[in-house]
Amino acid sequence: MTLTVKPLDNIGVEVQGFDITQHWDDELQQQLRALWYEHGVLVFRNQAITPERQIAFSLIFGELELHPLKATLSDEYPELFELESGGDKDKSMTAFYKGETIVGRLDWHLDLHYTGKPNHGAVLTAVEVAGEGGLTGFGDLAKAYDALDADTKALLDKLEVAYAFSMQRRHMRYVDLEGYEPGPHSPRKPSDVKFPDFPESVYPAAMTHPITGIKVLGIVEQFLDRVVTPYKAGLSNDESIELLERLVAHTRDPQFHYFHQWQPGDMVLWDNWRAMHCATGTPVGVRRRINRTTIQGDVQLGRVLLEE
């Protein structure tokens with residue numbers, strides 16, 4: 001196979017010439033890994049995807065890990081995490097946004113960020129494409145960092161930020177809550193969805209990618225709570241809050257985003273150590289099914305804040 005790349009909107013590339021049904025020799029696998037690290041988000045189209053092929057493809061990029069919620073796993077393929085809307089699971093995922101009822105909307109986030117050890121990446125494949133809505137957004141935090149001015153970069157090198165896990169979106173400090181109302185069945189505590197209580201986690205405000213060495217902005221809006229000890233960098237608490245507000249607004253700049261409109265045969269791979277992602281959700285009753293495999297994070301990017 002001869003691979004070529006076509007730039008996507010703003011960030012990432014579509015990889016052309018790849019066929020998931022064919023043999024992947026060591027050279028091809030190395031080329032795929034290199035493209036992953038270079039671009040952060042890879043899109044493959046018109047693939048004859050099966051669970052076995054998706055799992056095998058994902059293993060090119062590292063060992064796989066299972067999702068903590070067993071209820072979301074495939075009985076036959078425990079490596080698959082099934083994302084589904086338009087069925088019985090919709091109640092807990094339903095909320096209201098500016099008068100519109102939406103299922104499964106997710107703010108910008110990094111997976112497992114709240115644990116101090118995010119997974120390395122993930123692969124999504126389309127099983128059942130939504131007739132309306134259901135986009136997945138990706139944001140390149142390396143490009144967002146590069147676009148900052150020199151003074152802000154120097155300040156970020158001195159700072160750490162804390163993330164606090166919360167089930168209730170209305171309690172998250174830096175997401176956009178304008179026009180938002182939780183649904184009547186929105187979970188109120190982690191145990192409602194069989195999650196444990198997670199302690200706070202802390203990350204450098206400017207992270208270094210463990211493989212490529214590039215700088216990555218360590219700011220994502222979901223679960224973002226505060227700057228840790230801002231006075232050590234000469235900031236007041238008010239100034240630290242204003243800084244986080246400015247940086248969150250920066251990450252929302254469309255120049256750092258790509259939104260994927262799913263089609264049958266699509267497969268998307270992203271580097272969770274570099275790219276945040278979000279979900280636009282779907283209207284009530286719209287069917288959508290996506291299979292996900294998760295590439296294990298073998299590096300501790302943050303730390304758990306217990307008794308500091």
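The exercises below go from the whole chain to single residues.

**Before you start**

This is a predicted model, in which local features need pLDDT of at least 70 and side-chain atom pairs count only at pLDDT 80 or more, while totals for chains, interfaces and linings use all residues. Residues are numbered from 1 along each chain as its sequence is written, and side-chain values use heavy atoms, with hydrogens and water left out.

**Exercise 1. The overall build**

Task: Describe the secondary structure, the dimensions and the surface of the protein.

Solution: 
- Step 1: Start with the elements, which are DSSP runs numbered from the N terminus (helices: H or I, at least four residues; strands: E, at least two). The protein has 22 strands and five helices.
- Step 2: Turn to the radius of gyration, taken over C-alpha atoms, and to the globule rule, 2.2 Å times the number of residues to the power 0.38. The radius is 19 Å, close to the 19 Å that the rule gives for 308 residues, so the protein is as compact as a globular protein of that length.
- Step 3: Along the principal axes, the C-alpha trace spans about 55 × 45 × 35 Å.
- Step 4: Sort residues by relative accessible area, with a 1.4 Å probe and protein chains only: buried is under 20%, exposed is over 50%, and partly exposed is in between. Of the 308 residues, 52% are buried.
- Step 5: Look at contacts, meaning heavy atoms within 4.5 Å. Among those between residues at least 6 apart in sequence, 81% join residues at least 24 apart.

**Exercise 2. Helix 1 and what follows**

Task: Which residues of helix 1 are buried, and what is the phi of the glycine that follows the helix?

Solution: 
- Step 1: Helix 1 covers residues 26-39, 14 residues in total. From first C-alpha to last it reaches 20 Å, close to the 20 Å expected at 1.5 Å a residue; the expected span is 1.5 Å times one less than the number of residues.
- Step 2: The buried residues are Leu-28, Gln-29, Leu-32, Leu-35, Trp-36, Tyr-37 and His-39.
- Step 3: An α-helix has 3.6 residues a turn, so residues three or four places apart point the same way.
- Step 4: After the helix comes Gly-40, with a positive phi near 85°.

**Exercise 3. A histidine in a loop**

Task: Is His-120 buried or exposed, and which residues does His-120 touch?

Solution: 
- Step 1: Find His-120 in the loop between strand 8 (106-109) and strand 9 (121-128).
- Step 2: Its relative accessibility is 5%, so His-120 counts as buried.
- Step 3: Set aside residues up to four places away in sequence; the partners of His-120 then include Trp-36, Tyr-37, His-209, Trp-270 and Trp-273. Trp-36 and Tyr-37 bring you back to the buried residues of helix 1.

**Exercise 4. Across the sequence**

Task: What separates the C-alpha atoms of Leu-106 and Gly-281?

Solution: 
- Step 1: Leu-106 belongs to strand 8 and, at 41% relative accessibility, counts as partly exposed.
- Step 2: Its C-alpha is 7.3 Å from that of Gly-281, 175 residues apart along the chain.
- Step 3: Not counting residues up to four places away, Leu-106 touches Cys-278 and Ala-279.
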